[in-house]
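Welcome, and thanks for taking a look at this one. Please open the structure below and keep it in view while you read.

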Amino acid sequence: MLEYGSRVVAGVTPGREGMEVEGVPVFDTVAGAQDRHEIDASILFIPARFVLDPALEAIEAGLDPVVVITEGVPVRDTMEIVANARLRGTTIIGPNCPGIIKPGEAKMGIMPEQVFRRGNVGIVSRSGTLFYEIASHISRRGLGQSTCVGVGGDPVVGLDFIDVLRWFEEDDETEAVALIGEIGGDAEERAAGFIAGGGFTKPVAAYIAGKTAVPGKSMGHAGAIVQGDAGTALGKIEALRDAGVAVGDLPGDVAEALVGLLEG
Amino acid sequence: MKLLEYQAKKFFQEYGIRIPRGELVDSVVKAREVANGLGTVAIKAQLPVGGRGKAGGIQFADSPDEAEMVAGGLLGTEIRGVEVERLLVEEKLDFTDELYLGVVVDRRSRSYVVLASREGGVDIEEVASKTPERIVRHAVDPVFGLRNHHCRRVAGLLGYSGEALSSLSSFIERLYRVAWEMDAELTEINPLALTPDGFVALDARLNIDDNALFRHPDLVEASRRGGFSDLSPREKDARDLGLVYVELDGDIGVVGNGAGLTMATLDTVALHGGRPANFLDLGGGASAEMIEAGVSFVMGDSRVKAVFVNILGGITRCDDIAKGLMMARSRMGTEKPLVVRLVGTNEEEGRRLLESQGIPTLETMEEAADRVVSLMGGA
C-alpha cells in the first residue's frame with residue numbers, strides 16, 4: 001500500500017510498540033498512535049476470531065472508513081461492528097473483502113495494482129479475484145476505473161450495492177458502473193429496484209457469478225448460498241435486466257458492454 | 001453447522017425453553033421403555049434432511065407396544081436417502097394454538113430478525129409468500145439488544161394478552177438468547193404450541209454459523225458424536241483436509257483462487273459446454289503445500305478427466321501456484337491433463353516453471369475454458 005502511494009502513518013499490533021515496519025511506527029493501541037499522528041482511516045488485517053475488539057477500537061477512535069479484509073469473521077461479531085459503526089456514522093468496508101482502490105492515487109486493500117488504470121468506470125463487487133478479472137478486462141479495452149469498492153462476500157457486510165451506487169451517482173469522475181454480484185441474499189435485486197426507481201442514473205453493466213451453484217451449499221463465500229428459491233443467479237440477472245442493466249454471460253462481456261454504453 | 005432436533009432441543013432446555021418430555025432412542029426396546037408412562041407419543045426420525053414429516057418420518061403411538069412397532073418400522077429404513085438410526089420419542093401434547101417463532105440473520109438489516117406468526121405447523125416460506133401480513137417481524141438492534149418490551153410488542157401483535165403475553169414474551173427472549181449466545185445463523189420453533197400448561201417447543205431447528213465454531217468446542221464435539229452432516233463423503237474428506245470444496249456432477253475438475261472467480265470459472269466452463277465436477281476455492285495467498293493438497297484432491301477424483309486451474313493472483317503468488325501444481329503432478333501422476341490460466345503476482349516465474357514441465361499456461365479464462373472442454377470432446 002505504501003508503494004502505491006497510500007499514506008500509511010502508523011501500525012497497531014498489541015505488544016509490538018516501538019517497532020517499525022517499512023519505516024512505519026507500530027503502537028499498542030489506536031489511541032497511542034493518534035497521540036502522535038493525524039489518522040483518518042483504518043484497515044484491519046487480523047485473524048477472524050480477533051477482529052471484533054480492534055474494529056470497535058477503530059470506530060470509537062473516530063476512524064473512517066474502517067476496512068476489514070479478513071474472511072471468517074463470525075456473523076454475530078460483524079453485526080456488532082456494523083451496529084456500533086452506525087452509531088458513529090462510520091463506514092465499514094467488508095469483512096471478507098479486497099478493500100478499496102482509487103487507481104493512481106491510493107488503495108486500502110490487497111488488490112494487485114497492475115490490472116487497474118485511472119478512468120471513468122466505477123466498480124462495486126462482492127467478490128475479490130473476480131473483480132480483478134473484470135477490472136483487468138476493463139483496463140485492456142482502453143477504459144479505466146475511477147474508484148473500486150469490494151464490499152465483501154459475507155452475508156452481513158458494512159456496505160451494500162445501493163450504498164456504493166449512491167456515492168457513484170455523486171462522483172463526477174464516474175460515468176458508468178460495473179456491478180459484480182453472486183448468488184445469495186437479495187442485494188442485487190434491491191440494487192435493481194434502486195436503479196429502476198431512478199436512484200442511479202448512469203449506465204451499469206453487470207456480471208453475476210454462480211449460475212452453476214448447488215442450492216443449500218455455500219460456494220466459498222459465506223454469503224454465496226442459494227436457499228430454496230431465494231438468491232439464485234438467474235433471479236438476480238432477471239431483476240437487473242428488468243432495470244435496464246446490461247448483464248453479461250461471461251466476465252469479459254462487462255468491459256464490452258461498458259464500451260458500448262459509454263460511446264452511446 | 002445444522003444441529004438435529006434432539007440436539008437443538010437439549011440446548012433450548014438449557015436456556016429455559018420448554019420442550020416435551022422424551023428421549024433419544026436407537027432401538028425398539030428403548031422406544032418402548034421411553035413410551036411407557038408418556039401416554040400417546042410422537043416418534044420422530046432424527047435426520048439431517050428437511051421434509052421428514054411428509055416422508056413418513058413423524059408418527060404417533062398410543063401405547064408402549066405400538067411405540068415398539070412404529071419404531072421398528074422406522075429404524076433402519078431410509079428417508080430421503082438417509083438411514084434412520086435414531087428416533088426422538090416424546091409425549092404428544094394437546095394444544096390450542098400453533099405458532100411459528102424464529103430468530104434469523106437478516107442481511108438487509110445486518111442483524112438478527114425475530115419472526116413470529118400464528119400460522120405455525122406449516123412451511124413459513126408459504127406463509128411469507130401467500131399471507132405475509134400474518135408474520136410479525138422485529139429487527140434487533142445489537143446496540144440495544146432484544147429487551148422484554150420488544151418481545152411484549154411482538155406477542156401483542158400476535159394477538160396475545162395477559163398471562164399468555166407475558167409467557168410468550170419470555171419465550172421469545174430466551175430463543176433470542178439461544179441465537180445470540182450460540183452464534184446461530186438461524187433458530188426456529190415450528191410449531192410452538194400453546195398447551196394447557198403454557199408454551200412448548202414441539203420442534204426445534206438450530207443452525208450455527210460455521211465461522212463461530214472455534215468458540216463452541218462443545219458443539220463440534222456434539223456434532224462429531226451425533227455424526228450428522230449434509231456433506232457428501234468427498235466433501236467430508238475435503239473438509240477434513242481444510243479445503244473449501246463443493247461436489248458437482250461433471251468431469252472437469254475446477255480449482256480457482258477466490259470464490260467469485262471460481263464460481264465464474266464454473267459458469268464459463270458450463271457456457272463452453274463442459275460439466276464441472278467440483279468447486280474448489282484455494283482462497284488468497286495459499287502456500288504451495290495447500291495448492292498441492294487442493295489440486296491433488298481434485299485429481300484424485302475418479303470422475304475427473306481433466307483439471308482447470310484458474311489463477312488471477314493478487315496476494316496469491318504465481319510461482320507458488322506453479323510449485324504446488326508440480327508437486328501435485330509428481331504425487332498424482334500426469335495422465336489427467338492440466339489446463340492452467342495463470343496471471344498476476346510473479347506470473348513470469350510461474351509460467352516459466354510450468355512450461356519447463358511441459359504444462360502450457362494460458363492468459364485468459366475463456367481460452368482456458370475452451371481448451372479444457374475441447375479436451376473432453378474425444379472422451
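This is a predicted model: local features need pLDDT of at least 70, side-chain atom pairs count only at pLDDT 80 or more; totals for chains, interfaces and linings use all residues.

Residues are numbered from 1 along each chain as its sequence is written, while chains are lettered from A and ligands numbered from 1 in the order in which they are written.

**Chain B overall**

- The C-alpha trace of chain B spans about 80 × 50 × 40 Å along its principal axes.
- Chain B holds 13 helices and 19 strands, where helices (H or I, at least four residues) and strands (E, at least two) are DSSP runs numbered from the N terminus.
- Of the 379 residues in chain B, 47% are buried; buried means that 20 or more other C-beta atoms, placed from the backbone, lie within 10 Å of the residue's own.
- Among contacts in chain B between residues at least 6 apart in sequence, 67% join residues at least 24 apart; a contact means that two C-beta atoms, placed from the backbone, lie within 7 Å.

**Domains of chain B**

- Chain B is assigned domain 1 (21-91), domain 2 (97-225) and domain 3 (233-377), with bounds from an automatic or database domain assignment.
- Between the C-alpha centres of domain 1 and domain 3 of chain B there are 46 Å.

**A hairpin in chain B**

- Strands β11 (residues 184-195) and β12 (residues 198-201) of chain B pair in the antiparallel sense over 4 bridges; pairing requires that DSSP finds at least two bridges between the strands.
- These two strands, β11(B) and β12(B), form a hairpin with 2 residues between them.
- One bridge links B:Leu194 to B:Phe199 in β12(B).

**Where the chains meet**

- The contact takes 43 residues from chain B and 47 residues from chain A.
- On the side of chain B that touches chain A, β14 (244-247), α9 (259-271), β16 (278-281), β17 (306-313) and α13 (365-377) each supply at least two residues.
- The most comes from α9(B), with 11 residues.

**Helix α7 of chain A**

- In α7 (residues 233-242) of chain A, the buried residues are A:Ala233, A:Lys236, A:Ile237, A:Ala239 and A:Leu240.
- They sit on the same side of α7(A) because they cover an arc of only 165° around the axis, taken from the directions from the helix axis to the C-beta atoms.
- Their cover includes β11 (176-182), α6 (187-196), β12 (204-209) and β13 (246-247) of chain A.
- After α7(A) comes A:Gly244, with a positive phi near 90°.

Terms used. A residue is buried if 20 or more other C-beta atoms lie within 10 Å of its own, exposed if 12 or fewer, and partly exposed in between; C-beta atoms are placed from the backbone.
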